[in-house]
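Please read the following briefing with the sequence and the coordinates open beside it.

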Amino acid sequence: MSFLGADLSKNWLRLLITTGLIVIIFYFGPLIYVLNISLQSQQQFLIHSMSIPAPITWSNFPQAWQTASMGSYFLNSILYTLVPTVIALVFSVTLAFPISRRYVRGAKHLHALLTSGMFFPVALIPLFIESRVLHLYNNRPGYIILHIEDAMVFGFFLFVGYFRTIPRELDESAVIDGCGYVRYLTAMVAPLAKPALATMAIYASIQIWNDLIGPVVFLATPSLYPLSRGLFALYGNNAGQWTLLAAGVLIAAAPLIIAFLFFQRYFIEGATAGAVKS
């Protein structure tokens, strides 16, 4: 029996290693390939795109930055990402806490109604008409407002689950000590919900930063374009320059990758706590 158990363990170990290698290849293979292309010269790419860069061509990155005018696009992307994410965080926490505690009448139905928004696709045509009627089309404030709702739906769902893991006795202690509602949320609840805040912030940032449909539909002036729309324009003007396009893609993806590396611990904790505990 012991030999049979050892054989089974070895087979499971081989299966796990094989599965892990396949997952790594599927996840990191495209990223490594893009990195490899971005470091090649255009001539080397045309001869053998799968070869290792020799010599390494770092000039693709500044050339892509200047050709696509990424400086202005970069600032627009930071503005379009940070402002809606922060506003959505504040609104989501303010809305989710009383509903998770059922301090408001009809909290159960409100929870179901607001969560159901996650399962409906974005209706672009009504949203486009709404943006024209409300003068939100082709301007920065309007584009920011249109992205707040997207981030809030997931944030509300996440925070309701996470706040239920915080003991209700803390609420009662705060009331006895005379702590106000806003102060309680900012001084007590928010620090305890750091993992959930980081998870929601990263999720919303990725969603907004990588959005390509939004700027194509709601922005018409090039000076208002974010980085994703700028990459699309770079592709249109330099369709055959794949080394430049690869460098541009890495420049656009770098801020989110760096942010995830800094906040991955909170991201994993928040996702796990919000999903498992209830």
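What volume does the largest pocket have? The largest pocket has a volume of about 600 Å³, where a pocket is, on a 1 Å grid over the protein atoms alone, an open set of points with protein on both sides within 12 Å along at least five of seven lines, and a volume is the space filled by probe spheres set on the grid points, which are joined across faces, edges and corners. This is a predicted model, in which local features need pLDDT of at least 70 and side-chain atom pairs count only at pLDDT 80 or more, while totals for chains, interfaces and linings use all residues. Residues are numbered from 1 along each chain as its sequence is written, and side-chain values use heavy atoms, with hydrogens and water left out.

**Pocket and cavity**

- Of the 24 residues that line the largest pocket, the closest to its centre are V122, L127, L146, E149 and D150, a lining residue being one that has an atom within 4 Å of a point.
- The elements that give two or more residues to the lining of this pocket are helix 6, helix 7, helix 10 and helix 11, with helices taken as DSSP runs (H or I, at least four residues) numbered from the N terminus.
- Helix 7 gives the most to the lining of the largest pocket, with 7 residues.
- A cavity is a set of grid points where a 1.4 Å probe fits but cannot get out, and the count comes to 1 cavity of 30 Å³ or more.
- The largest cavity has a volume of about 40 Å³, and its lining is made up of S77, Y80, T81, Y143, I208, W209, D211, P226 and S228.
- Helix 4 (70-101) and helix 10 are the elements that give two or more residues to the lining of the largest cavity, and helix 4 gives the most, with 3 residues.

**D211 and its surroundings**

- D211, one of the residues that line the largest cavity, has its place in the loop between helix 10 (194-209) and helix 11 (213-218).
- D211 is buried, that is, under 20% relative accessible area, against over 50% for exposed and in between for partly exposed (1.4 Å probe, protein chains only).
- When neighbours within four places in sequence are left aside, D211 is in contact (heavy atoms within 4.5 Å) with Y143, H147 and S228.

**The salt bridge**

- The count comes to 1 salt bridge, defined as a side-chain nitrogen of Lys or Arg within 4 Å of a carboxyl oxygen of Asp or Glu.
- The side chains of R101 and D171 meet in this salt bridge, at 2.6 Å from N to O.
- The pair links distant parts of the chain, with R101 in helix 4 and D171 in helix 8 (residues 169-176), 70 residues apart.
- R101 is buried, and so is D171.

**Backbone geometry in the loops**

- The peptide bond from A54 to P55 is cis, with omega near -5 degrees, and P55 has its place in the loop between helix 2 (42-47) and helix 3 (60-67).
- H135, in the loop between helix 6 (124-133) and helix 7 (140-163), has a phi near 60 degrees, a positive value in a residue other than glycine, and H135 is exposed, with a relative accessible area of 65%.
- N138 is found in the loop between helix 6 and helix 7 and has a positive phi of about 60 degrees although it is not a glycine; N138 is partly exposed, with a relative accessible area of 22%.

**Helix 1**

- S38 lies in helix 1 and counts as buried, at 0% relative accessibility.
- A polar atom of the S38 side chain lies 2.7 Å from the backbone oxygen of L35.

Terms used. Lys and Arg count as positive and Asp and Glu as negative; His and the chain ends are not counted. A polar contact is a pair of N or O atoms within 3.5 Å; within protein, one must be able to donate a hydrogen and the other to accept it, and residues adjacent in sequence count only if both atoms are side-chain atoms.
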